[in-house]
Amino acid sequence: MNEAPLLIYPSAAQPAVYGALSWRDRAACGDTDPNLFFPDDGDVIGTERAKAVCASCPVARHCLSFALETNQVEGVWGGTTKGDRRRLRRQLLKEFREAG
Ligand code: SF4
């Protein structure tokens, strides 16, 4: 991954970080039907539609960080599916363990 590392907020920081919810105010999906982001399993077109909105979202990394921190299992968050996030969690865990 060539981008800056994901910000995984420590749980103790959640109230301060999420209290203002400022990143949500800038979300590209603010006026979008939330159901778009919860396509049925195997709905490739629905998933791609959701990901297309996320691709233009200025707070996608915040959204993904939130999803990982709060263990959002279902839905598209930060342009990732639940499968994407499972793989990302495994990768992050591996890197964490290797870092000692
Ligand atoms: S990344 Fe996608 S789901 Fe997350 S706030 Fe942006 S548009 Fe909404």
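The helix α4 (60–69) is mostly covered, since 7 of its 10 residues are buried. Here a helix is a DSSP run of H or I of at least four residues, numbered from the N terminus. A residue counts as buried if 20 or more other C-beta atoms, placed from the backbone, lie within 10 Å of its own. The model is a predicted one, in which local features need pLDDT of at least 70, side-chain atom pairs count only at pLDDT 80 or more, and totals for chains, interfaces and linings use all residues. Residues are numbered from 1 along each chain as its sequence is written.

The buried residues of α4 are Ala60, His62, Cys63, Leu64, Phe66, Ala67 and Leu68. Their cover includes α2 (22–25), α3 and α5 (82–98), where contact means C-beta atoms, placed from the backbone, within 7 Å. Just after α4, asparagine 71 adopts a positive phi of about 55 degrees.

The largest nonpolar core has 11 residues in all, among them Phe37, Ala50, Cys54, Val76 and Trp77. Such a core is a set of buried Ala, Val, Leu, Ile, Met, Phe, Trp, Tyr and Cys residues joined through C-beta atoms within 7 Å. Both α3 and α4 supply at least two residues of this core, and α4 gives the most, with 6 residues.

The ligand is a further point of interest. Of the 13 residues around the ligand, Ala27, Cys29, Cys54, Cys57 and Cys63 come nearest; a residue is near if its C-beta atom, placed from the backbone, lies within 6 Å. To this shell, α3 (44–55) and α4 each supply at least two residues. Cys54 and Cys63 also belong to the largest nonpolar core.

Technical notes: A residue is buried if 20 or more other C-beta atoms lie within 10 Å of its own, exposed if 12 or fewer, and partly exposed in between; C-beta atoms are placed from the backbone. Two residues are in contact if their C-beta atoms, placed from the backbone, lie within 7 Å.
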